[in-house]
Every structure is written in C-alpha cells, then in structure tokens.
Amino acid sequence: MIEFKGVQKTYPDGTEAIKNFNLKVQEGEMLTLIGPSGCGKTTTMKMINRLVEPSAGEIYIDGKDLKDYNIHELRWNIGYVLQQIALFPHMTVEENIAVVPEMKKWKKQQIRDRAKELMQMVGMEPSIYMKKKPSELSGGQAQRVGVIRALAADPQILLMDEPFSALDPISREGLQKDIRKLQQQIKKTIVFVTHDIDEATALGDRICLMNAGEIIQVDTPQKLILEP
Ligand code: ADP
Ligand code: ADP
C-alpha cells in the first residue's frame with residue numbers, strides 16, 4: 001500500500017541521503033526502519049508525507065502517485081509522531097486530541113468517543129486524564145497522548161520517528177507493549193523509525209535494515225535474528 005520505486009534523494013548541498021530505494025509496506029503492517037544515525041530514516045519518512053520530495057523515482061500510496069494527491073488530503077491521512085512530541089501546553093489532553101478531528105469537522109461527541117476509546121487502548125483512564133494539562137503528565141503519558149493525537153482522526157497511515165527515544169528504559173518498554181496492543185486493535189499501516197534493534201524486533205512485523213541511504217535487508221524479526 002506504500003510503495004517506493006527507485007527512489008533517490010540528494011539534498012541541495014549534494015548529500016546523497018537515499019540511493020535507489022525500493023520497498024513495499026503492506027496494508028495493516030508495522031514496519032520498523034532501523035539503521036545508524038544519518039542512514040536516511042527520517043528522509044524516508046518525510047518523503048511519505050511530502051515534507052521532502054524525492055530527486056528521482058516514485059512513491060505510491062494505494063497505487064496512486066504521491067504527486068497526484070492533494071497535499072492537505074495526503075497529510076490528513078497520515079499521522080506523524082516525532083521524538084519531541086509537542087503537545088499544546090495550554091490545552092487539556094482532550095483538547096489536544098481533538099485538534100485534527102475538529103479541523104475535519106467531526107462532531108463533538110464523536111471526537112470524545114474516539115478519544116476515550118484510544119486512551120483506554122493505551123491504558124490511560126479517560127476520567128482521570130482527559131482534563132489534565134500536558135505539564136501534569138509523565139513523559140510516557142505525554143508520548144501516549146501524542147500517539148493518540150496522531151491517530152484521532154483515523155488516518156490510514158501512522159509514521160513514528162523515534163517516538164520513545166527520550167524515555168527511560170522502563171517507560172519505553174511499557175510504551176512498546178501498549179503500541180503493540182494498540183496496533184493489534186486498530187491495524188494501521190505503521191512505519192516506525194528506531195536505532196534500537198530490540199525495539200525494532202519487539203514492534204516490527206518486518207524490519208527494514210538501512211545503511212548509508214540503502215536497504216540492506218527486509219525481513220521478519222525471526223529471520224533477521226536467526227540469520228544474521
Ligand atoms: P537518519 O534519520 O537515519 O538519521 P536522515 O534522513 O536524517 O538520517 O539524514 C540522512 C543524511 O542526509 C544525513 O547525512 C543527513 O546529514 C543528511 N540530511 C538530512 N537532511 C538534510 C538536509 N535538509 N539538507 C542536507 N542534508 C540533509
Ligand atoms: P535525526 O533525528 O534524523 O538524526 P537530525 O537531528 O539529524 O535528525 O536532523 C534534524 C533536522 O535537520 C532535520 O529536519 C534534517 O532534515 C535537518 N538536517 C540534518 N542534517 C542536515 C544537513 N546536513 N544540512 C541541513 N539540514 C540537515
């Protein structure tokens with residue numbers, strides 16, 4: 001459902017960030033992108049929602065070239081979670097989650113039901129957390145709200161770029177479990193960037209191993225671990 005065909009990205013300063021990238025991410029799959037810093041993971045993610053344009057090749061979503069999508073329509077259909085999740089500090093958890101559904105003109109009750117449902121899936125009791133401000137949340141809870149906010153308006157695709165890397169190991173492990181559970185229920189197409197092999201194998205249906213702008217191997221965690 002997301003397909004890269006012969007994609008290359010050379011930045012204006014001559015940096016070849018992506019060289020001949022071919023990859024298919026299946027519908028409902030969680031694919032982890034792993035590789036050392038600077039190998040092109042973020043560039044790959046940014047090309048999916050057209051924050052960065054490829055220098056060559058094509059990217060398709062559901063068989064349609066990204067260039068043929070209306071950019072707003074495309075971005076509404078793709079949730080993006082970053083390492084530094086920036087919740088709006090003056091808004092409550094509920095108001096933060098409501099931002100995109102409100103832009104899409106969802107009804108208040110529908111937004112509230114969706115927020116509650118997603119909060120329960122990641123173990124945050126709505127009656128306790130809905131009215132809290134971001135400053136009253138732990139790091140892990142804030143990241144959960146960030147993930148929920150990205151999913152609130154039911155996008156088809158979720159991009160996550162090292163969303164847990166600022167967390168301590170215990171919080172991180174809890175969040176990995178919750179994301180895995182969440183994914184089993186919502187079945188979104190997810191691309192998850194990490195440079196942590198344990199995280200990549202814990203989360204990915206498949207792992208895409210990158211180095212220096214190229215794909216080294218794409219396989220299930222079992223195969224990657226058994227056949228190093
Ligand atoms: P990763 O996410 O794996 O750390 P990036 O996609 O951020 O890798 O970067 C890949 C390469 O492209 C790196 O060498 C990086 O310095 C370079 N790069 C990233 N963004 C830009 C940019 N806007 N202009 C020039 N070079 C860039
Ligand atoms: P990452 O988390 O992927 O390592 P970085 O911290 O390397 O990201 O990059 C942060 C931002 O700076 C990104 O938007 C990236 O595109 C940009 N960037 C990275 N490398 C360069 C570069 N060599 N020249 C210009 N911009 C860059």
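Modeller: A pocket here is an open set of points on a 1 Å grid over the protein atoms alone, where a 1.4 Å probe fits and protein lies on both sides within 12 Å along at least five of seven lines, and a lining residue has an atom within 4 Å of a point. The model is predicted, with local features needing pLDDT of at least 70, side-chain atom pairs counting only at pLDDT 80 or more, and totals for chains, interfaces and linings using all residues. Residues are numbered from 1 along each chain as its sequence is written, chains are lettered from A and ligands numbered from 1 in the order in which they are written, and side-chain values use heavy atoms, with hydrogens and water left out.

Colleague: Which residues line the second largest pocket by that rule?

Modeller: Its lining is made up of Glu94, Glu95, Ala98, Glu102, Lys108, Gln109, Ile111, Arg112 and Lys131, and two elements, H3 and helix H4 (108–121), each give two or more residues to it. The volume, taken as the space filled by probe spheres set on the points, is about 180 Å³ for this pocket.

Colleague: How many residues of that lining are charged, and how many are nonpolar?

Modeller: Asp, Glu, Lys and Arg count as charged, Ala, Val, Leu, Ile, Met, Phe, Trp, Tyr, Cys and Pro as nonpolar, and the others as polar; the lining of the second largest pocket therefore divides into 6 charged, 2 nonpolar and 1 polar.

Colleague: What makes up the lining of the largest pocket?

Modeller: The lining of the largest pocket holds 14 nonpolar, 5 polar and 3 charged residues. About 620 Å³ of space lies in this pocket, and of its 22 lining residues Arg75, Ile78, Gly79, Tyr80 and Val100 are the closest to the centre. Helix H2 (71–76), strand E6 (78–81), helix H3 (93–103) and helix H6 (139–151) each contribute two or more residues, with the largest share, 4 residues, coming from E6; helices (H or I, at least four residues) and strands (E, at least two) are DSSP runs numbered from the N terminus.

Colleague: Why is Arg172 called buried?

Modeller: Buried means under 20% relative accessible area, exposed over 50% and partly exposed in between (1.4 Å probe, protein chains only), and Arg172, at 14%, is therefore buried. Arg172 is found in helix H7 (residues 169–186), where its side chain makes a polar contact (a pair of N or O atoms within 3.5 Å, one able to donate a hydrogen and the other to accept it) with the side chain of Glu199, at 3.0 Å.

Colleague: Is Lys187 buried or exposed, and how do you know?

Modeller: The relative accessible area of Lys187 is 52%, so the residue counts as exposed. Lys187 lies in the loop between H7 and strand E8 (189–194), and its phi is positive, about 50°, although it is not a glycine.
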